[in-house]
Each structure stands twice: as structure tokens, then as C-alpha cells.
Amino acid sequence: MKFIAIIPARYASTRFPGKPLADMNGKPMIQRVYEQVKKCVDKVFVATDDERICNAVTSFGGNVVMTSANHKSGTDRCAEAYNAIGEGEDVVINIQGDEPFIAPSQIEAIMECFTDNSVQIATLVKPFTENDGIDALMNPNSPKVVLGVDNQALYFSRSVIPFVRGVDMNDWLKSRTFYKHIGMYAYRAEVLLEITKLPQSELEKTESLEQLRWLENGYKIKAGVTIQETIGIDTPDDMQKALEFMLRNS
């Protein structure tokens with residue numbers, strides 16, 4: 001099976017303009033992401049709409065493809081990129097450009113989902129732990145997912161799901177396993193091209209989660225499970241925490 005990894009990266013972030021080019025101990029963040037992905041996927045491309053990001057990727061020897069500035073999601077950008085540079089790969093992996101600490105084992109967990117020929121889309125989840133605390137579980141910026149048989153995703157929500165009836169909320173993390181969604185996806189190439197033609201769904205607009213469009217239209221999403229934490233970077237404050245993490249682990 002052939003895989004291609006695409007890292008969507010745009011310059012115009014509302015909360016952190018120029019985020020992919022932010023310096024992380026001598027390397028732009030997009031380079032940190034790229035180097036992590038290259039550890040386990042041979043063919044990797046950055047997909048961007050900005051010449052500054054394009055030039056940065058070229059300067060460190062990475063592969064890059066220019067895409068439209070009008071995309072509303074990384075999935076849409078991946079589809080355009082794959083149409084431009086794909087060479088018949090079976091699966092397209094969408095790696096977020098603000099995950100410089102993504103581990104090869106996490107990417108491999110998604111890739112392993114496709115040993116099942118029926119899998120259309122795969123994503124990554126991580127169990128919440130008691131140490132995370134109830135505030136982390138309740139955080140609407142950290143989407144949750146309920147899994148069924150064979151780790152099929154049943155639903156994603158910004159609310160806590162499932163609701164644990166008859167148990168004090170402070171004991172929920174002791175009573176069952178809750179899963180946090182980590183926003184990395186992989187799609188069979190033909191499925192990627194199909195889902196980007198779908199109109200926004202009502203559930204997607206309600207929760208502002210694009211994966212609900214796919215579920216609402218009958219596509220199945222399988223989850224790879226990781227116990228490793230990731231550190232996404234959405235704001236300059238997040239970057240400062242990430243740099244401190246690098247210093248502690250160097």
C-alpha cells in the first residue's frame with residue numbers, strides 16, 4: 001500500500017499570523033512537522049497558499065505545492081494538492097501543520113487502520129486520563145469522540161460524550177474511558193476526492209467539526225488509538241509552552 005502525507009499550511013491565522021514560520025529553536029515550525037512526518041512516510045509535501053511558506057520549505061529541502069487561498073479546511077487543501085502531485089497513492093494522510101511534536105508511532109497508528117480494506121477514513125484518538133482533570137474533559141476546544149465496535153467513530157462532539165448518568169461529574173474520568181480527538185486524518189484517495197465535493201452538513205455547522213459531514217453522509221471513520229500526548233500550537237502563548245517543552249526534553 002502506498003501512502004502520501006500532505007501538510008496543509010497557511011499564513012493567515014487569526015490567532016497566530018505566520019504560525020508555520022514561527023521559529024522553534026532555529027527551525028521554522030513547518031520544518032519541525034515535516035521532519036517528524038518524514039521519519040515514517042517516504043513521500044511528504046507541504047500544501048500552502050503563501051509564497052513565504054513555499055520559500056521556507058524549499059530552503060530546507062522539502063517538497064511543496066502551491067494551492068488556492070480559498071479553501072475552508074485542510075481536507076480541501078489536501079484534495080487539491082493530491083490532484084496536483086499524487087501518483088496513484090492508495091492513502092492520503094493529512095498532518096496538521098501546527099503539530100511539531102507529532103510522533104511517528106501516531107502516524108503509524110493511522111496507517112495501520114488501512115490493513116482493513118473496508119476502512120475509508122482514519123483518524124487518531126487518545127484516552128483522557130484522570131490526571132487530565134474534569135476541566136480538560138469539559139473543554140469545548142478539545143473535541144471528544146465515542147467509539148463503537150472495531151474502533152469505528154460513532155460521533156464527535158465539543159460536548160462531553162457520553163453523558164454518565166447517576167455519577168457525579170467529578171468522578172466521570174474514573175467511571176469510564178473518554179476519548180479526545182486528535183485532528184489528524186487519512187483517507188483512501190478516491191474517498192478524499194468524494195468528501196470534498198459534499199456540501200456542509202447541518203451537524204458540521206452546528207458543532208464546527210468537518211468530520212461530522214462525512215459521518216452524516218454515511219462514510220465510516222476508524223480510529224487509531226495513541227497514549228502519547230500531542231502539543232498543538234494555536235497561539236503565541238502555546239508556542240512559548242512548546243518551546244519550554246522542547247527545552248525540558250532536549
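Contact here means heavy atoms within 4.5 Å. This is a predicted model: local features need pLDDT of at least 70, side-chain atom pairs count only at pLDDT 80 or more, and totals for chains, interfaces and linings use all residues. Residues are numbered from 1 along each chain as its sequence is written, and side-chain values use heavy atoms, without hydrogens and water.

**Stop 1: V37.** Select V37. Leaving out residues up to four places away in sequence, V37 touches A5, I7, V44, I95 and I107.

**Stop 2: the core.** A nonpolar core is a set of buried Ala, Val, Leu, Ile, Met, Phe, Trp, Tyr and Cys residues joined through side-chain atoms within 4.5 Å. Buried is under 20% relative accessible area, exposed over 50%, partly exposed in between (1.4 Å probe, protein chains only). The largest core has 39 residues; I7, V37, V41, I93, I95, I107 and F114 touch the most other members. Its largest share, 5 residues, comes from α1. Apart from it lies another core of 31 residues, including I121 and L215.

**Stop 3: helix α1.** Select residues 29–38. Helices (H or I, at least four residues) are DSSP runs, numbered from the N terminus. Helix α1 is largely enclosed by the rest of the structure, because 8 of its 10 residues are buried. Among the buried ones are M29, R32 and Y34.

**Stop 4: E202.** Go to helix α8 (residues 202–207), where E202 sits. Buried or exposed is E202? E202 counts as exposed, at 53% relative accessibility.

Conventions:
Helices (H or I, at least four residues) and strands (E, at least two) are DSSP runs, numbered from the N terminus.
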